[in-house]
Amino acid sequence: SQHIRGSPFAVFAKLSIRKLGTPIRTIGGLNSPYGVAVDEKGEIVVVEWGGNCVSIFSASGEKMRTFGGRGSARGQFTDPRGVAIDCDGNLLVCDSHRVQKFSPQGDFLMSVGTRGSKPLQFNFAMDISVNPKNKRIYVCDFNNHRVQILNTDFSCFGSLGSG
């Protein structure tokens, strides 16, 4: 039992480790992979933070295509992290102070964000998720200590937390 100072509760933790099984495939040769998502077809989308790119693999693990490159222009990356797939199959990638949207083939579609703390500004967009029921996009805005909620057109719906 451990006690956290200032807490009226004692913490009891039980460690349980079990083997989940043997990997069916290991994808290697990636340059600092950071984010991963899987689409409806089973294609695997990997953000390579060290390579400033996104690589897409078939369900069997064969590399199909890579796009991006270092830079701040449309379709380029300076600090890519989280990735999600929206309800239309498009790829959403967190990149430093913006979010970029790409077609499933990797064609640039649109982006939102600059550095800052106002709505639609980010201070390190770190991760991203999509709610398939309402199609809203949730972006972890790390240094602004909030989650920004976007509509599919990248307009602001709201936020959670301080910022």
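## Basis of the description

A residue is called buried when its relative accessible area is under 20%, exposed when it is over 50%, and partly exposed in between (1.4 Å probe, protein chains only). By this criterion Phe102, at 1% relative accessibility, counts as buried.

The model is predicted: local features need pLDDT of at least 70, side-chain atom pairs count only at pLDDT 80 or more, and totals for chains, interfaces and linings use all residues. Residues are numbered from 1 along each chain as its sequence is written, and side-chain values use heavy atoms, with hydrogens and water left out.

Helices (H or I, at least four residues) and strands (E, at least two) are DSSP runs, numbered from the N terminus. Two strands pair if DSSP finds at least two bridges between them.

Strand E4 comprises residues 44-48, and five of its five residues are buried, so the strand is largely enclosed by the rest of the structure. Burial applies to both faces of E4: Ile44, Val46 and Glu48 lie on one side, and Val45 and Val47 on the other.

Strand E3 (residues 33-38) pairs with E4 in the antiparallel sense over five bridges. Within this pairing, Val36 has Val46 as its bridge partner, while Ala37 is partnered by Val45. The two strands form a hairpin with five residues between them, and Gly42 in the turn has a positive phi of about 90°.

E4 also pairs with strand E5 (residues 53-57), again antiparallel and over five bridges. Here Val45 stands opposite Ile56. Four residues separate the strands of the E4 and E5 hairpin, where Asn52 adopts a positive phi near 50°.

## The sheet E7-E8-E9-E10

A further open sheet of four strands runs in the order E7-E8-E9-E10, with antiparallel pairing. E7 and strand E10 (108-112) stand at the edges with a single partner strand each, so one side of each is left without a neighbour in the sheet. The twist in this sheet averages 20° from one strand to the next.

E9 and E10 pair in the antiparallel sense over four bridges. In that pairing, Lys101 has Met110 of E10 as its bridge partner.

Rings of Phe, Tyr and Trp (its six-membered ring) pair if their centres lie within 6.5 Å; planes under 30 degrees apart count as stacked, over 60 as edge-to-face and the rest as tilted. The whole structure contains three aromatic pairs. One of them is the tilted pair of Phe67 and Phe102, with 4.8 Å centre to centre and 50° between the planes. Phe67 belongs to strand E6 (residues 63-68) and Phe102 to strand E9 (residues 98-102), so this pair ties together parts that are 35 residues apart in sequence. Phe67 counts as buried at 10% relative accessibility.

Phe77 and Phe102 form a tilted pair as well, at 5.7 Å centre to centre and 50° between the planes. Since Phe77 lies in the loop between E6 and strand E7 (80-85) and Phe102 in strand E9, the pair ties together parts that are 25 residues apart in sequence. Phe77 is buried, with a relative accessible area of 0%. Phe67, Phe77, Phe102 and Phe108 form one aromatic cluster.

## Charges over rings

A charge sits over a ring if NZ of Lys or CZ of Arg is within 6 Å of the ring centre and within 35 degrees of the ring normal. The charged end of Arg81 is placed in this way over the ring of Tyr34, 4.7 Å from its centre. Lys101 likewise has its charged end over the ring of Phe154, at 5.3 Å from the ring centre.

## Positive phi in two loops

Most residues other than glycine have a negative phi. Lys135 has a positive phi, near 65°, and is found in the loop between strand E11 (125-130) and strand E12 (137-141). Its relative accessible area of 42% makes Lys135 partly exposed.

His145 also has a positive phi, near 55°. This residue lies in the loop between E12 and strand E13 (146-150), and at 58% relative accessibility His145 counts as exposed.

Technical notes: Axes fitted to C-alpha atoms, helices over the stretch in contact; angles between N-to-C directions.
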